[in-house]
Amino acid sequence: MRKRRLLVPARPARAQRAQDGSALLESIFALLLLLMLVLGAIQVAFVLYARNVVAASAHEGARAAVELGRNANDARTVASEVVRSAAGGLVEQMEVAVSVQAVGDLSIVRVRVTGRLKSFGVVPVRIPVGSVATSVRREAPV
Amino acid sequence: MRLSDERGQALIESLLLGMLLLVPLIWALGVLADLHRSALATAAAAREAGFEAANASSDATAAAAVDAAVARALIDGGIDPEQARASWAAIPRLERGAAVEVEVSYPVTVLQAPFLGRVTGPSIWVTSRHVARIDPYRSL
C-alpha cells in the first residue's frame, strides 16, 4: 500500500517545545503593555481632576481675599485647604501667590495656584498644574 | 499546534482589543473632566455675579457688573464666555433686602478629546444658580 504524504510537514520535537513558551511570553508582553495603557489612562484622569481642583482652589482663594475683614493670607490658607481636602497628596510642591492691584476704588485680587502632580509609575515626570483666578473688591466710600 | 505565521498574533489581537476598550475610556474621561470644570466655573461665575449684582446701585450697573463678573470667572476657569448664557433677576426689585438670582449656563461639547480640544457635535448644558441677598442696611 502506498503511503499518502501529509500536506503539513511534521515539526521536529525541539521546534514544538520552543513554540510552547512563546504563547506565554506573548501574553506577558500584551498584559504589560495593556497595564501601562490602563495606568496611563488613570494618570490622565488624575491630571484632569487635579487641574480642576487647582482651578477651584484659586477661585476660592480669590473669593476669600475680597471678603470683608479678610486678606491675602486668608486667600493662601483657603486655597491650600481646598487642594488638601479635595486632592489629598495628589498635588505636590504647591505654591499660592496673591497679588492685589488697586484701580480707583477697586481692589483686584489675583490668586495663582501652582503645583506638580504626584508621579506614580507610567510617566515618571511630575506634571505641572496651575490656575489663576481674579476677584474684585469695591472699597467702601469713606 | 501553532503555525509559524501565527507567531505574535495573540499579542496584536490583545493590543487591538485593549486599544478599542481604552479609546472610549479616554474619551469619557475627557468629557467628564470638562463637565466637572464647567460646573466649577459656572458656579464660580454665578457666585461672583451675584455678589456684584447685590452691590450694584441700579439695574444698568448690575447688568454690566454681572456680565463682567461672569466673563472674568469663566476666563479664569478656561472657558469661552462667548458661548455661555447668563441671566439675572432681582426679586422683587433691586432694593435693600431683596434677593438677586443669577443663572449661568455653558454648553459642554460631548465629542472631544482631552488636551486636544472640542469637536463639533451634541452638547450638555451645565447650569449653576446663585442667590445673593442685598444688604438690608446698605447706604444706597
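Student: Which residues of α1(B) meet α2(B)?
Tutor: From α1(B) come B:Ala41, B:Ala44, B:Ala45, B:Glu48, B:Ala49, B:Glu52 and B:Ala53, and they meet B:Ala62, B:Ala65, B:Val66, B:Ala69, B:Val70, B:Arg72, B:Ala73 and B:Leu74 in α2(B). Here "in contact" is said of two residues whose C-beta atoms, placed from the backbone, lie within 7 Å.

Student: And how do the names and numbers work?
Tutor: This is a predicted model, in which local features need pLDDT of at least 70 and side-chain atom pairs count only at pLDDT 80 or more, while totals for chains, interfaces and linings use all residues. Residues are numbered from 1 along each chain as its sequence is written, and chains are lettered from A and ligands numbered from 1 in the order in which they are written. Helices (H or I, at least four residues) and strands (E, at least two) are DSSP runs, numbered from the N terminus.

Student: At what angle do α1(B) and α2(B) pack?
Tutor: About 150°, with the axes of α1 (residues 9–54) and α2 (residues 59–76) of chain B 8 Å apart. That angle makes α1(B) roughly antiparallel to α2(B). Axes are lines fitted to C-alpha atoms, for helices over the stretch in contact, and angles run from 0 to 180 degrees between N-to-C directions. Under 35 degrees counts as roughly parallel, over 145 as roughly antiparallel, 65 to 115 as roughly perpendicular and the rest as oblique.

Student: What's the strand order in chain B's open sheet?
Tutor: Its 3 strands run β1-β2-β5, with antiparallel pairing. β1 (85–91) and β5 of chain B are the edge strands, each pairing on one side only. Two strands pair if DSSP finds at least two bridges between them.

Student: How many bridges join β2(B) and β5(B)?
Tutor: β2 (residues 99–109) of chain B and β5(B) pair over 11 bridges. B:Val102, for instance, stands opposite B:His130 in β5(B).

Student: Which strands does α1(B) touch?
Tutor: α1(B) packs on the sheet and touches β1, β2 and β5 of chain B, its direction making about 30° with that of β5(B). α2(B) packs on the sheet too, touching β1 and β2 of chain B, at about 140° to the direction of β1(B).

Student: Now chain A. What is the order of its open sheet?
Tutor: The order is β1-β2-β3, 3 strands with antiparallel pairing. Strand β2 (residues 106–117) of chain A pairs with β3(A) over 11 bridges, and A:Ser107 has A:Arg137 in β3(A) as its bridge partner. α2 (residues 72–87) of chain A packs on this sheet, touching β1 and β2 of chain A.

Student: How many residues does each chain give to the contact between them?
Tutor: Chain A gives 25 residues and chain B gives 25. On the side of chain A, α1(A) gives the most, with 20 residues. That side divides into 15 nonpolar, 8 polar and 2 charged residues.

Student: What's the mean pLDDT of chain B?
Tutor: It's 87, and 87% of chain B's residues reach 70 or more. pLDDT is the predictor's confidence in each residue, from 0 to 100. The model scores ipTM 0.78 and pTM 0.80.

Key:
Nonpolar A, V, L, I, M, F, W, Y, C, P; charged D, E, K, R; others polar.
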